[in-house]
Amino acid sequence: MGHSVSDDHQATDMDIESHRHVDEIPSIHKVRPPPRQNLMKEIAASVKETFFSDDPFRPFKDQTKSRKAILGAQALFPILEWGRHYNLKKLKGDIIAGLTIASLCIPQDIGYSKLANLPPQYGLYSSFVPPLVYAFMGSSRDIAIGPVAVVSLLLGTLLQGEIDYVTHPEEYLRLTFTATFFAGVTQAALGFFRLGFLIDFLSHAAIVGFMGGAAITIALQQLKGFLGIKNFTKKTDIISVMHSVWGTVHDEWNWQTILIGAVFLAFLLFAKYIGKKKKKLFWVAAIAPLISVVLSTFFVFITRADKHGVQIVKDLKKGINPSSVNQIYFSGAFVGKGIRIGVVAGMIALTEAAAIGRTFAAMKDYQLDGNKEMVALGVMNIAGSMTSCYVATGSFSRSAVNYMAGCHTAVSNIVMSGVVFLTLEFITPLFKYTPNAILSSIIISAVIGLIDYEAALLIWKIDKFDFVACMGAFFGVVFVSVEIGLLISVSISFAKILLQVTRPRTALLGNLPHTSIYRNIEQYPDAKKIPGVLVVRVDSAIYFSNCNYVRERILRWLADEEEQLKEKGQTPIQFLIVEMSPVTDIDTGGIQALEELFRSLQKREIQLALANPGQVVIDKLYASKLVELIGQDRIFLTVADAVKTCSPKAVGSLAEI
């Protein structure tokens, strides 16, 4: 059949108009599935990223056997690496720093041993062997090793719950060494198996609260020595302590003891204030405890105040660490108790050391290998358990002094250890007349810095749930016990993780005017919704634990939006676009939830579209055939692409931009 020329012209005009319309619509890139990977390679990549994210074997690549042996030795003993570049200038700085922290650690160690319910020499023992071991194996240049207040109190509380140190001192001491041994085994195992990420489950907020509560508890415990009380409660909660304190006000308080404690506490706090006010005078605060011990001891000796009710240290055993290998429980009823206490004490010690090491490494801009640190701390405590030491770790106060004194390497720990050795061998008899009140004052002044109220206020401003964790840990320690406070802090930290995993955030997205950008309409009120299209973003991986919530939350968004549109008489929803760029992963439960969402939308005659699924997600969507169910033409690279395709009205407005 023939046709007219006018028909040909009309057809030609339509073709030109059609091409022109197509040219006006920007090209849309499609989401492509990644190439299939070998299963074993995927598993190997996952294991590497989980346990070897720092690529520790990289230095060994393409090296000779002899060079690999040297690098292996240096990895185990970092001193072999930095020792090659050691010089007299660094030695001078380390000697000054070592002498300074020694003057601080000696009186602190004697006091901290009392927190652990141990004779005073065991605190000094723990500042002799462990720092030597750490100096050879540790990778931190600034951390100062020794007993710390929080771990000492925790250990003393847990041990006292199993054995009374007054009636069974030998068994108590043996259980102490057993707990220290298993604390070291726990730390070394975490480092060796590269499980250091486990300590990160104890949140910063929980640590702030726990440390603050422990500081209050430790300070309250020192009222025994500060006031000269002989019969003091063995409980650590504030109610029991206050009852014990005020119940003995007329019978046991000793005014001479109180005078000594108050005067020197004021001196110590003033010295600390001077050290903070003028950084160059940090040494004033560092040597103030030793000066206090010397002056108070001399005062008690010449006045014989011990005969007037002032309690003194009395016997401080002379000599270096005796062997304790045969005293560790490796069988019997106490092994399980030693393991339980050791794991708890080891984890807390590890958390404190990791925080301190990272802080000073960041200040000096060098890398700290967390797993090496764990192995070093673990071996250090294992060696310590065999040489009459209890759990040692990094001390924040001593590390700060070490840093400000100009330390360059871990040699400062060796110098400190040497001074402690000389003290044990020659000076310990001079501590006989040291009043307990001065040790209490030293501990009180030391733990005050653990109460970080500024950090608590910042936590309140940033995250209220974190603040609940912080306060839960704080009040748990203060009003119940150290272990209950620790349990509360861990429980709340895990509860937060579970809440975030099971209840991920979702958001409605709108188009920012004159752009192709889509953002949360609550954060950007000027973002406009697209007629006939609902855009929802899921801000989490979709797993079995949250998939039902995600599906139901999206359907609630849809129901609310449809209700509003119906009231206003506007265009009903025809397309639901799920922005999936924040969805890092999805499992079979998540796939099933998307299938159920697709079928629910089908019943409502609404089409489902997905925008920007990541590599892992799109791979699983193809593997599960979900792409075939939804339709490959409904998987888009961006929300803008999805809107251009799904909403005819949006195409024109976006083309004008």
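Contact here means heavy atoms within 4.5 Å. Helices (H or I, at least four residues) and strands (E, at least two) are DSSP runs, numbered from the N terminus. This is a predicted model, in which local features need pLDDT of at least 70, side-chain atom pairs count only at pLDDT 80 or more, and totals for chains, interfaces and linings use all residues. Residues are numbered from 1 along each chain as its sequence is written, and side-chain values use heavy atoms, with hydrogens and water left out.

**Stop 1: two helices**

Select H8 (residues 149–160) and H15 (residues 334–364). On the H8 side, pick out Val150, Val151, Leu154, Leu155, Leu158 and Leu159. They meet Ile341, Val344, Ala345, Ile348, Ala349 and Glu352 in H15. Now compare directions. The helices pack at about 170°, with axes 10 Å apart. H8 and H15 are therefore roughly antiparallel (angles over 145 degrees count as such). Axes are lines fitted to C-alpha atoms, for helices over the stretch in contact, and angles run from 0 to 180 degrees between N-to-C directions.

**Stop 2: past the end of H15**

Move on to aspartate 365, in the loop between H15 and helix H16 (370–385). Its phi is positive, about 60°, although aspartate 365 is not a glycine. At 68% relative accessibility, aspartate 365 is exposed (buried means under 20% relative accessible area, exposed over 50%, partly exposed in between; 1.4 Å probe, protein chains only).

Next, show tyrosine 366 with arginine 141. The charged end of arginine 141 sits over the ring of tyrosine 366, 4.1 Å from the ring centre (NZ of Lys or CZ of Arg must be within 6 Å of the ring centre and within 35 degrees of the ring normal).

**Stop 3: paired rings**

Select phenylalanine 181 and phenylalanine 182. Their ring centres are 5.2 Å apart and their planes at 85°, so the pair is edge-to-face (rings of Phe, Tyr and Trp, its six-membered ring, pair if centres lie within 6.5 Å; planes under 30 degrees apart count as stacked, over 60 as edge-to-face and the rest as tilted). Are these two residues buried or exposed? Both phenylalanine 181 and phenylalanine 182 are buried.

Phenylalanine 192 and phenylalanine 193 also pair edge-to-face, at 5.1 Å and 85°. Both phenylalanine 192 and phenylalanine 193 are exposed.

**Stop 4: a serine in H22**

Go to serine 489 in helix H22 (residues 482–502). Serine 489 is buried, at 1% relative accessible area. Which residues does serine 489 contact, leaving aside neighbours within four places in sequence? They are Leu202, Ala206 and Ala473.

Definitions and conventions: Parallel < 35°, antiparallel > 145°, perpendicular 65-115°, else oblique.
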